Amino acid sequence: MKTKQIFITRARKTGALMVVLLLALLPACSQAASVSTTNTSAAVTAQSTTAATTAAVTDAALTPAETSAAVTKPANPVVRLSTTTSVNDSGLLPVLEKVFESSTGYDLQIIANGTGAAIKLGESGDADVLLVHAKASEEAFVDAGYGMERIPFMHNYFVIAGAAADKAKVADCKDAISAFKAIAASQATFISRGDDSGTNKAELALWKSAGVTPSGDWYVSAGKGMGPCLTMAGEMQAYILTDKATYLATKAQTELVICLGESDDLKNTYSLIAVNPDKNPGVNTQGAQAWIDFMLSDPARAIITDFGTKEYGEPLFFYDGAPS
Amino acid sequence: MTDMQSQTAYLQDFEKPVTLTGLKQIWRDRIVLDVPALTLLPGRRYALLGANGSGKSTLMKMLSERLTANYGQIGYLPQKPYNFALNVSHNISLGIPQGLGLSADEKNASIQKQLDALNLTELSACRGNRLSGGEAQKMALARLLVIPRKILLLDEPTSSLDLNSLAQAEAALTDYLSQNNSLLVLATHQLSVARRLCDEMIFLDQGQILALGPISGLMDPSRNSRLSLFLRYEHGMNSIE
Amino acid sequence: MTTFESVFAAFASGDGELYKILGLTVCMTLLSTGFSVLTGFPAGAVLASLSFPGKKLLRRIIQTCMGLPPVVAGLFVFLLLSRRGPMGSLQLLFSLPAMVIAQFILIFPIVTSLTLAAIESRQKAINQTISTLGLPRYKKYLLLLWECRGSLLTVVLTGFGRSLSEVGAVMMVGGNIQGKTRVMTTAIMLETSKGNFGAAIALGLVLLILAFLVNVIANHFQEAQND
């Protein structure tokens, strides 16, 4: 009787409270969504592992006129950049993104994947512009009509990193091919990306040149991105072919050393490719071009050549600019 | 059987009368049970009578908890005993505690004895949870009777039994009680069963004991008025039978 | 295995790589579910039966752990087994045992919590019937578990499904090493990152078929019980 009445009221109160909470969450969610898009660059920059580098470089790159100018928003403000995990893991992109967005008003969305998927996104029109480093695949992409043209604009070098102990004496080798032969001969543990990425393809090409078919317990095909593979190499004290940028970014944590540095057969070239609207009409051609123009401009050159110098004492990338 | 009987020394002896006090329970402002003290004598058979909601089951539950604390393992049959999804023989074997030092043959013999006594032999391989209400009740009773115990608390053990099964159950129970001289507290609303099996009666009404004494007291014209009411309404007894 | 068709061709021909992945997946799932059940069933039964100070708090904690983010569990195990971590000397990182450990951390609370819920509903009635009869504790727990076996089978299937579908923690501590720790879910991730979406979908279908078969077998047992 009495207890029943109280129970009903309590249940109603709880129910009402839940409904109110849910209703309150809805506007809060949509608010958060809109806030996050405008703050992407700031948030990503804050999370960047090279925060110190970022701050220094951004200030240097911005001219007084650019900081105060109010930029008009373009018709289609979203530019989707498809790139690889190694480029992303180096920490370079957020720096460029911030400057690009504030000077052009575009909203750059960076999607990082393995090289294969990065290029596939261009084929399906899920990206507007590519930034990858796998020459053969890039040329095939353009030849098939998916890309406008291949613009190689910067490069760096792969290095062979490994444990300080250097069991296979890679440091004594004069080039990558002989280093790989030495590693195979001593059956020292070697971590391979195993994911058809640009780095992986370069590694497989080197094995081929060395005349070795790597197999056995010592050859670990990891199937992960550059950063995680470096972590694994650090854990297993193994050799690994890596781009210098990601190596430096993770050096402190992995405790690996460079056994073989710049060698001619280790050059790694990065290219920009705008996705062809003929095959995928919905892509943002103006946005893609704006990004490419930015990347070939002086401010971008300054950022790229400067990137990493403060933290590591040497640049991580070498800027070539537009091919002549 | 003699081997088994000699083992009962292990089951704590119940030789002297026991008085339980403070048997109280309140549930949401309602007094379910209020029994300040109750004395039970070994070897006696008490019928616990009362209408639905008078607190019989609560009292039985409390007795089982208190007496187990004092005397170790006792036989307590709740009002709705659980039937395990094992065969009937296995169900009954659950009543045999560990550490008695009985051989497998002795155990099987006592299980078989109960199966025969309660006419469950054909069902011995059936699943316990597939029996009819009456068969399940007999099985639950068999589980308690399978070894001698000094204390038996039965809460409505015969409510679903037809006349035939009832006769079997009563016979088995009488047998057991005379052999082991156990204390019996039988909560029931079947007056005929109470009169046949018990020699003392406890009448519970709204949580309180209103009448206590020999079972012949049910016929006593000077019995408690609430008791008279109970007898009339529950058993259609208008006058003394 | 780069296209949709090639995956099923590999399946039919008994291709070493695919079967290795399948084998590792089944192994890992059986081990992690097995350990979780062996410890979770008794834990749930004991928790349902005993009452002690702090029982409510313990229940809340276990229930919260049911929703433990897999990456958190993965990170914890990674740091534990890392070369610089407390158990680094065992060199268990990037191996099947590491994956089983991470999955156990995720599945044990689920199994315990669900077992507890399943048993609680029957525990009172069962205890009332046998508490005075002098059965040893372990027999009481076994009876409880046996009587709830229908619900417990569902609990096992839940744990199994959870284990089969886990990818984040398994990737972190297993490393997706070909032939050693590459399981179905991490293989799907790899093929997706390579852009071989067809192959990824095919692997996903194989995984679903595997899960379906397990459910069919389990239901068969359940129906046999009910007869």
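Residues are numbered from 1 along each chain as its sequence is written, with chains lettered from A and ligands numbered from 1 in the order in which they are written. Local features need pLDDT of at least 70 and side-chain atom pairs count only at pLDDT 80 or more, while totals for chains, interfaces and linings use all residues.

Over residues 35–69 of chain A, pLDDT stays under 50. Where pLDDT is low, the predicted coordinates should not be read in detail.

Chain A contains 15 helices and ten strands, taken as DSSP runs (H or I, at least four residues; E, at least two) numbered from the N terminus. Of its 324 residues, 45% are buried, that is, 20 or more other C-beta atoms, placed from the backbone, lie within 10 Å of their own.

A nonpolar core is a set of buried Ala, Val, Leu, Ile, Met, Phe, Trp, Tyr and Cys residues joined through C-beta atoms within 7 Å. The largest has 141 residues, and Val129(A), Ala102(C) and Val173(C) have the most contacts inside it; a contact means C-beta atoms, placed from the backbone, within 7 Å. Helix α5 (residues 96–130) of chain C gives the most to this core, with 16 residues. Another core, of 57 residues, lies apart from it and includes Tyr76(B) and Val185(B).

Where chains C and A touch, the contact takes 15 residues from chain C and 16 residues from chain A.

Note on methods. pLDDT = per-residue confidence, 0-100. Contact = placed C-beta atoms within 7 Å. Buried ≥ 20, exposed ≤ 12 C-beta atoms within 10 Å, placed from the backbone.
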